[in-house]
There are 2 protein chains.
Amino acid sequence: MVNQSEPLYLDDLQVGQRFTSGTYRMEEDRMREFAAEFDPQPFHMDRAAGEASIFNGLVASGWYTAAVAMRLLATGGLPIANGLIGYGGEIAWPKPTRPGDVVHMETEVVDIAPSRSKPQGVVTIRGKMMNQSGDVVYLLTAKLLVLRRA
Amino acid sequence: MVNQSEPLYLDDLQVGQRFTSGTYRMEEDRMREFAAEFDPQPFHMDRAAGEASIFNGLVASGWYTAAVAMRLLATGGLPIANGLIGYGGEIAWPKPTRPGDVVHMETEVVDIAPSRSKPQGVVTIRGKMMNQSGDVVYLLTAKLLVLRRA
């Protein structure tokens, strides 16, 4: 597991390369605020409603979890020199995140497709977010535009 | 295109059923704030940096776009009676969203898989977000847990 801080270009990447991010604490207030703005469902905003739901407690919006994952990748978790520019990908939430969870991202390069005509390529990364107990709470497979070194 | 307001159960859904959401205006200030918190990359936070980037202007974080899509679905765009509970799915950003864009979601039911043992099913929806010019700026295919009517 590399905790790489030097920004990387396409030339520096290889399949199997791994990265680990810092940590982020899911605060209940921020979870609720995010939900009120973007995902106003009772089980994301109200403890009693969470308790009464299939989640057995207040849980974060999956989109808050996804945004936190991006923050972890963009602040050192995946140091691509030209930034993290995604075409899209696949996401999953195997378990919910809950107030007080401390999460981090572990990411692996799974494919590198250099362009034949431009000094760039499409790099596929597979990331997982784990909480403080080691439970996987979020999975992300994403295709990124990565430039060659100038 | 149904603009359905009555909350729907599994019993009410059929493949091919369509929904359309209200609209949301992407405000530059909110785009920049979201980016500062979750996706602090220069082309999401600073006009000059956006102009100098491959985007030729300030663009929203794709995760802000994704969160806005959820808001549109959760506030009438996809009225599932037990709420919108997603297992995961696929996302793509064919074009960026920009300050002042007015977006909405159009969604279609593409698969319904009833459980054999429980009064519920997994419903696959395919949604697209369009801006005021009709450009598709976000695609979402998601698997949702939907309950049968009690």
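Helices (H or I, at least four residues) and strands (E, at least two) are taken as DSSP runs and numbered from the N terminus. The structure is a predicted model, in which local features need pLDDT of at least 70 and side-chain atom pairs count only at pLDDT 80 or more, while totals for chains, interfaces and linings use all residues. Residues are numbered from 1 along each chain as its sequence is written, and chains are lettered from A and ligands numbered from 1 in the order in which they are written.

In chain A, A:Phe55 is located in the loop that lies between helix 3 (47-52) and helix 4 (62-77). A residue is termed buried if 20 or more other C-beta atoms, placed from the backbone, lie within 10 Å of its own, exposed if 12 or fewer do, and partly exposed in between. A:Phe55 has 17 other C-beta atoms within 10 Å and is therefore partly exposed. Contact between two residues requires C-beta atoms, placed from the backbone, within 7 Å. When residues up to four places away in sequence are not counted, A:Phe55 touches A:Phe43, A:Gly50 and A:Pro96. A:Glu28, which is 27 residues apart from A:Phe55 in sequence, is 15 Å apart from A:Phe55 in space, C-alpha to C-alpha.

The same surface serves both copies, as 100% of the contact residues of chain B recur in chain A.

Helix 4 of chain B is itself mostly covered, with 14 of its 16 residues buried. Strand 2 of chain A pairs with strand 2 of chain B in the antiparallel sense over five bridges, where pairing requires that DSSP find at least two bridges between the strands. In this pairing, A:Ala92 stands opposite B:Gly88.

In helix 1 (residues 28-38) of chain B, the buried residues are B:Met31, B:Phe34, B:Ala35 and B:Phe38. Seen down the helix axis, they fall within an arc of 100°, so they line one face of the helix; the arc is that of the directions from the helix axis to the C-beta atoms. B:Asp29 and B:Ala36, on the other side of helix 1 of chain B, are exposed. The cover over the buried residues includes helix 4 of chain A as well as helix 2 (42-45) and helix 4 of chain B.

Within chain B, strand 3 (residues 102-114) and strand 4 (residues 120-130) run antiparallel and are joined by ten bridges,. B:Arg126 in strand 4 is the bridge partner of B:Glu108. A hairpin of five residues joins strand 3 to strand 4 of chain B. Strand 4 also pairs with strand 5 (residues 136-147) of chain B, in the antiparallel sense over eleven bridges, and B:Lys128 stands opposite B:Leu139 of strand 5.
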